[in-house]
Amino acid sequence: MGFNHRRGLNPYTSPYTILDCGDIPITPFDNALALRQMSEAFLELGSRTPALTEGDNPKPKLLTLGGDHSIALPALRALNKIHGGPVAVLHFDAHLDTWNPARYADEWESRQSDFNHGSMFWVASNEGLILNGSSAHAGLRTRLTGDGWDDYDSDDRQGFLRISSDDIDDLGTKGIIDAILERIGVKTPTYLSIDIDVIDPGLCPGTGTPEPGGWTSRELIKIIRGLEGLNVVGADIVEVAPAYDGSGENTALTAAQLGFEILTSWVGRGLKRRHESKAETDTKVGTQEPKRDEL
């Protein structure tokens with residue numbers, strides 16, 4: 001069963017090939033080495049030549065299903081090399097994840113600890129991997145560090161638009177969609193990152209840092225469907241923790257549905273662009289003047 005009724009297509013039987021690439025083998029004993037292993041794997045997979053090389057992105061699109069959100073950093077490093085520059089980030093999360101590691105209160109500091117699931121976008125921004133001024137957070141409702149707005153000031157310098165969880169009450173799903181499209185546009189190469197804790201823990205309890213007051217799964221799915229026009233070149237769905245999920249596995253089911261929606265949108269956008277390209281070619285051929293016999 002793969003036919004998506006809202007889009008009128010089955011992504012698994014389309015002209016595009018969908019492959020399960022399995023798990024990236026990484027060490028559980030050395031985070032620095034694991035980061036290198038993930039970075040090299042993303043680069044190798046993302047550099048392959050796809051079966052269909054049409055359209056504005058003749059590269060494979062990788063959808064990564066993960067636990068720890070830090071996998072976004074190796075994905076962004078690979079995309080930077082594959083696309084020859086920084087990409088925009090659309091980040092659905094209860095938390096900023098652009099935190100400067102120095103904001104973490106800890107007497108024990110190390111360079112390796114700077115890289116974690118709350119600082120990976122800060123690291124990526126400092127490495128020039130993220131387009132400053134074209135990226136956005138959505139679904140935020142986190143508390144901040146310290147006694148003021150320093151976290152937001154840092155986030156502003158990294159060029160993110162912030163859409164809070166509460167904003168959906170005033171804007172609705174359409175308003176959220178419109179704000180994101182206005183910020184990013186439909187041509188900018190974009191990395192889509194979905195932390196499952198953007199959804200209220202009453203619906204998706206299986207995550208490590210739950211925050212009350214989140215969106216419903218229906219609202220998030222509606223928003224993702226409305227963003228098909230984005231030029232998404234890679235995506236992840238992360239922070240799913242089965243150990244904390246309920247007996248009905250609601251969190252895992254929601255994550256799976258979001259993955260299906262992303263695949264459907266990728267295929268739908270690709271088919272639309274193929275159709276437009278073919279129509280443009282046919283028009284050019286049809287309007288050419290007939291050749292005259294030379295004297």
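Contact here means heavy atoms within 4.5 Å. The model is predicted, so local features need pLDDT of at least 70 and side-chain atom pairs count only at pLDDT 80 or more, while totals for chains, interfaces and linings use all residues. Residues are numbered from 1 along each chain as its sequence is written, and side-chain values use heavy atoms, with hydrogens and water left out.

**View 1. Ser39 and its contacts.** Ser39 is placed in helix α1; helices (H or I, at least four residues) and strands (E, at least two) are DSSP runs, numbered from the N terminus. Leaving aside neighbours within four places in sequence, Ser39 is in contact with Pro74, Arg77 and Ala78. Arg77 is 38 residues from Ser39 along the chain, and the C-alpha atoms of the two are separated by 6.7 Å. With a relative accessible area of 15%, Ser39 is buried; buried means under 20% relative accessible area, exposed over 50%, and partly exposed in between (1.4 Å probe, protein chains only). A polar atom of the Ser39 side chain lies 2.8 Å from the backbone oxygen of Leu35. This is a polar contact, that is, a pair of N or O atoms within 3.5 Å; within protein, one must be able to donate a hydrogen and the other to accept it, and residues adjacent in sequence count only if both atoms are side-chain atoms.

**View 2. Helix α1 and its buried face.** The 16 residues of α1 (residues 31–46) should span 22 Å at 1.5 Å a residue, and the end C-alpha atoms are 22 Å apart, which agrees; the expected span is 1.5 Å times one less than the number of residues. Buried residues of α1 are Ala34, Leu35, Met38, Ser39, Ala41, Phe42, Leu45 and Gly46. Seen down the helix axis, they fall within an arc of 165 degrees, so they line one face of α1; the arc is that of the directions from the helix axis to the C-beta atoms. Their cover includes β1 (62–65) and α2 (72–83). At the start of α1, a side-chain oxygen of Asp30 comes to within 3.1 Å of the backbone nitrogen of Ala32.

**View 3. The largest nonpolar core.** This core has 32 residues, and those with the most contacts inside it are Leu90, Phe92, Ile180, Leu192, Trp215 and Leu220. Such a core is a set of buried Ala, Val, Leu, Ile, Met, Phe, Trp, Tyr and Cys residues joined through side-chain atoms within 4.5 Å. Elements that each supply at least two of its residues include β2 (88–92), α5 (167–184) and α7 (250–287). Apart from it lies another core, of 27 residues, among them Met120, Trp122, Ala124 and Phe160.

**View 4. Leu220 and Phe92.** Leu220 lies in helix α6 and is buried, with a relative accessible area of 0%. Leu220 and Phe92 are 128 residues apart in sequence, but 9.0 Å apart in space, C-alpha to C-alpha. Beyond four places in sequence, the contacts of Leu220 are Phe92, Ile194, Val198, Ile199, Trp215 and Leu258.

**View 5. Thr207 in a loop.** Thr207 is found in the loop between β5 and α6 and counts as buried at 3% relative accessibility. A polar atom of the Thr207 side chain lies 2.8 Å from the backbone oxygen of Glu239.
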